[in-house]
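Below is a walk through a predicted model.

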Amino acid sequence: VWPENMSTVEVFSAMGSQWNVDFHGNRLSLRYEALPVTMACCGIKKSQRRDVFQGVRIMERAALELFRKGC
């Protein structure tokens, strides 16, 4: 992981138990209401939170694509 992406990866990893799922257990999206607390617990500065949020959204989309493919 490139150093400039480390904060995003750390937050995404910490959000691992924060998935919205359907009745079949398929992941639908992350619970964004958990992000502020997660970012604070990970020590993300307020000035960095917008960039980290955008990175988490990119990682979420990629993860959902892999989940749908059964990976």
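The largest nonpolar core has 14 residues, and among these Val11 and Val56 touch the most other members. H3 supplies the largest share, four residues.

Val56 shows how parts of the chain meet around one side chain. Once neighbours within four places in sequence are set aside, Val56 is in contact with Thr8, Val11, Phe12, Leu30 and Leu35.

Val9 also belongs to helix H1. Beyond residues up to four places away in sequence, Val9 touches Val1 and Met59. The C-alpha atom of Val9 is 8.7 Å from that of Val52, although the two residues are 43 apart along the chain.

How many disulfides does a search of the whole structure find? The count is zero. For Cys41, the closest cysteine sulfur is that of Cys42, at 6.9 Å, which is too far for a bond because a disulfide needs the two sulfur atoms within 2.5 Å. Cys42 is likewise in no disulfide, its nearest cysteine sulfur being that of Cys41. In accessibility, Cys41 has a relative accessible area of 67% and is therefore exposed, whereas Cys42, at 19%, is buried.

How values were computed:
Residues are numbered from 1 along each chain as its sequence is written. This is a predicted model: local features need pLDDT of at least 70, side-chain atom pairs count only at pLDDT 80 or more; totals for chains, interfaces and linings use all residues. Side-chain values use heavy atoms; hydrogens and water are left out. A nonpolar core is a set of buried Ala, Val, Leu, Ile, Met, Phe, Trp, Tyr and Cys residues joined through side-chain atoms within 4.5 Å. Buried means under 20% relative accessible area, exposed over 50%, partly exposed in between (1.4 Å probe, protein chains only). Helices (H or I, at least four residues) and strands (E, at least two) are DSSP runs, numbered from the N terminus. Contact means heavy atoms within 4.5 Å.
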